[in-house]
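Student: I have a chain on screen and want a quick tour. Can we start with how the pieces are named?

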Amino acid sequence: MSLVTTHVLDTAAGKPAAGIAVRFERVDGTGGTPIAEGVTDDDGRVRDLGPDTLEPGVYRLVFDTGAYLGPEAFFPDVTIAFRIADGSSHHHVPVLLSPFAYSTYRGS
């Protein structure tokens, strides 16, 4: 299993958000270094976002929510930065998405 996974739920529609492009990056002094890309499946999940171990540091997931929500999307993308302290422990980063709000937390 990938060390980092994600799950997007469309809270307005009450269903998983399928088809959202997700980019996984390591944050560094020059911006972000790409690690992996994926697209949410029919269950709203991206299960394979790169390696099964990572160096401790700050990483981010960038979700192309504009393509999912449409051209008038208030949030054309959602970027979530988080710290990995243990590079061998699984990190699940879910997103609860609606047209005018989103939230996240560290999942299990």
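Tutor: Strands here are DSSP runs of E with at least two residues, numbered from the N terminus. Two strands pair if DSSP finds at least two bridges between them. Keep in mind that this is a predicted model.

Student: OK. How does S3 get joined to S4?

Tutor: Through a hairpin of 2 residues. Strand S3 covers residues 21-28, and strand S4 covers residues 31-39.

Student: In which sense do S3 and S4 pair, and over how many bridges?

Tutor: Antiparallel, over 8 bridges. Glu25 has Pro34 in S4 as its bridge partner. For Arg26, the partner in S4 is Thr33.

Student: Which strand of residues 57-63 does S3 pair with?

Tutor: That is strand S6. S3 and S6 run antiparallel over 5 bridges. Look for Val22 opposite Phe63 in S6. Then find Arg23, which faces Val62 in S6.

Student: What's the strand order in the open sheet?

Tutor: S4-S3-S6-S7, so 4 strands with antiparallel pairing, where strands pair if they share at least two bridges. S4 and S7 are the edge strands, each pairing on one side only. On average, neighbouring strands of this sheet are turned by 25 degrees against each other, direction ignored.

Student: Remind me, what holds strands of a sheet together?

Tutor: Backbone hydrogen bonds, in either parallel or antiparallel pairing.

Student: Back to Val22. Buried or exposed?

Tutor: Buried, because its relative accessibility is 2% and the cut-off for buried is under 20%. Val22 sits in strand S3.

Student: What does Val22 touch, leaving out residues up to four places away in sequence?

Tutor: Quite a list. Among its contacts are Thr6, Ala36, Gly38, Val46, Leu49, Leu61 and Phe63. Leu49 is 27 residues from Val22 along the chain, with 8.9 Å between the C-alpha atoms.

Student: Give me a contrast. Where is Thr53?

Tutor: Thr53 is in the loop between strand S5 (45-46) and S6. Thr53 counts as partly exposed, at 48% relative accessibility. With residues up to four places away left out, Thr53 touches Leu3 and Gly87.

Student: How far is Thr53 from Val4?

Tutor: In space, 9.1 Å from C-alpha to C-alpha. In sequence, the two are 49 residues apart.

Student: New topic: rings. How many aromatic pairs?

Tutor: There are 5 aromatic pairs, counting rings whose centres lie within 6.5 Å. One of them is Phe24 with Phe82, a stacked pair at 6.4 Å centre to centre and 5 degrees between the planes. That pair links distant parts of the chain. Phe24 belongs to strand S3 and Phe82 to strand S7 (residues 78-84), 58 residues apart.

Student: Why call it stacked?

Tutor: Because planes under 30 degrees apart count as stacked, and these are 5 degrees apart.

Student: And Phe24, buried or exposed?

Tutor: Buried, with a relative accessible area of 0%. Phe82 is buried as well, at 14%.

Student: Which residues form the aromatic cluster?

Tutor: Phe74, Phe75, Phe100 and Tyr102 form one cluster.

Student: Zoom out. How many helices and strands in the chain?

Tutor: There are 1 helix and 9 strands. From the N terminus, the elements run β-β-β-β-β-β-α-β-β-β. The radius of gyration is 13 Å, close to the 13 Å from the globule rule for 108 residues, so the chain is as compact as a globular protein of that length.

Student: What does the C-alpha trace span?

Tutor: About 35 × 30 × 20 Å along the principal axes.

Student: What share of the 108 residues is buried?

Tutor: 39% of them. Among contacts with a separation of 6 or more, 57% come from residues 24 or more positions apart.

Student: Last one. What pLDDT does the chain average?

Tutor: The average is 94, and 100% of the residues score at least 70.

Definitions and conventions. Residues numbered from 1 in each chain as written. Predicted model: local features only at pLDDT ≥ 70, side-chain atom pairs only at ≥ 80, totals over all residues. Heavy atoms only, no water. Phe/Tyr/Trp six-rings, centres within 6.5 Å; stacked < 30°, edge-to-face > 60°. Buried < 20%, exposed > 50% of the residue type's maximum accessible area, 1.4 Å probe, protein only. Axes fitted to C-alpha atoms, helices over the stretch in contact; angles between N-to-C directions. pLDDT = per-residue confidence, 0-100. Rg over C-alpha atoms; globule rule 2.2 N^0.38 Å. Contact = heavy atoms within 4.5 Å.
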